[in-house]
Amino acid sequence: MATLRRSLAIDLGTASVLVYVKGRGVVLNEPSVVAMDAFTGKILAVGSKAKKMLGRTPGNIIATRPMKDGVIADYNSTEKMLKYFIEKSIGKSLIRPDVIICVPSQITPVQKRAVLQASRKAGANRTYLIEEPLAAAIGSGIDISDPGGHMIIDIGGGTTDVAVIAMGSIVINKSINIAGDELDEAIMSYIKNKYNMLIGERTAEDIKISLSDVEDIQNTDKLFEIRGRSLINGLPMQVFVTPLDVLEALESPINEIINACYYVLDKTPPEIASDLFEKGAIMTGGGSLVKGLSQRIMDRIGIDVKVSEEAISAVVKGTGKALSWISKLESDNQSYEDARRQILEEKQRLRRSY
Ligand code: ADP
Ligand code: MG
């Protein structure tokens, strides 16, 4: 019998939330920001509307990000945000949807439970969890049951996750709290030190993102106009910087990201490391779109690094593909590992029978 129950995949990120609906694809991509009344705690806006309020809200409204470093930092806001996004994606319905959410691979059991509970309270029927690097790999078109190793570098807003996966499992991974946000901060402090000028986070992020439009960072006569406030006399001022200046400003956080890659490569078993030479690494997450970043990483770690064609939506699409496993999953989360193993075994049996 056909079921009326909808199934959703959610990428609950620090910077943005994406929702994938089975049969419809990615239906929502909004910032994970909630604006509330500071006195009553009432939620005033969620997502894109709330992001516009960040940094420029009057005294009684606070705009915050309920997720921090990939996990729930503010439980109540996360629950309300999820509820809003679920309803926005599939409308209000009496039949609760089944939901699969991706979580960082280093998440603790308590943090996992918080995600499961928030999802239930937000209106989900059953909730399953999948580890983000696996979702990123599936969404980038990698066959994760492949016994050879694959390296995934996911650079989000709050965290960078570097993982090597093989045979459907994470072999080794490293998560650091240096990602898109730190790149913005690095631009802010570069401008402050070099020009004695203060700029806001939004401005810094805009400059970082506009790097994407520069064809050749080394050889361009493009200049970015940056406006802010002088630290000397407090007056509005503007300066012009080159794309190469911006990349130079990002040096320190980029080095930290490269160090995380070194750490993972250093701990990777030699057999798998040799696969990586052949297959290279895939980058996902909004931060991977920083122009010149994949090249820098490639130059330093010595293996090919490609930005996923679906950098921003790879995780939610991979999570969405895992939806097809849902029928194999029994209860909340616990059986996910078993179901995955069962699917891998089935695949291998199929291969052997050729
Ligand atoms: P999360 O998974 O933590 O929610 P995302 O994968 O959505 O994060 O990535 C968010 C980060 O990506 C932010 O820091 C944002 O500024 C950055 N970002 C998004 N688009 C671009 C782009 N075109 N160039 C550079 N950075 C980008
Ligand atoms: Mg992410």
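**Ligand 1 and its shell**

Start at the ligand. In this predicted model, a side-chain N or O atom of Ser 16 sits 2.4 Å from an oxygen atom of ligand 1. Next, Ala 15. Here the backbone makes the approach: one of the N or O atoms in the backbone of Ala 15 is 2.8 Å from a ligand 1 oxygen atom.

How much of ligand 1 does the protein cover? On its own, ligand 1 has 580 Å² of accessible area, and the protein covers 89% of that.

Now the site itself. Ligand 1 takes up the space of the largest pocket. Two elements each give two or more residues to the shell: helix H5, 180-195, and helix H6, 201-210. H6 provides the largest share, with 3 residues.

On to the shell as a whole. There are 17 residues around ligand 1. Those that come nearest are Ala 15, Ser 16, Gly 157, Glu 205 and Lys 208. By class, we have 10 polar, 4 nonpolar and 3 charged residues.

Last point, the domains. Why does ligand 1 lie between domain 1 and domain 2? Because both of them give residues to its shell. Domain 1 is 7-134 plus 316-344. Domain 2 is 146-309.

Methods
Residues numbered from 1 in each chain as written. Chains lettered and ligands numbered in written order. Predicted model: local features only at pLDDT ≥ 70, side-chain atom pairs only at ≥ 80, totals over all residues. Heavy atoms only, no water. Near = heavy atom within 4 Å. Polar contact = N/O pair within 3.5 Å; in protein donor to acceptor, adjacent residues only side chain to side chain. Areas by Shrake-Rupley, 256 points an atom, 1.4 Å probe, with all protein chains shown as cover. 1 Å grid on protein atoms, 1.4 Å probe; cavity = no way out; pocket = protein on both sides within 12 Å on 5 of 7 lines; lining within 4 Å. Sits in = over half its atoms within 2 Å of the grid points. Helix = DSSP H or I, 4+ residues; strand = E, 2+ residues; numbered from the N terminus. Nonpolar A, V, L, I, M, F, W, Y, C, P; charged D, E, K, R; others polar. Domains from an automatic or database assignment.
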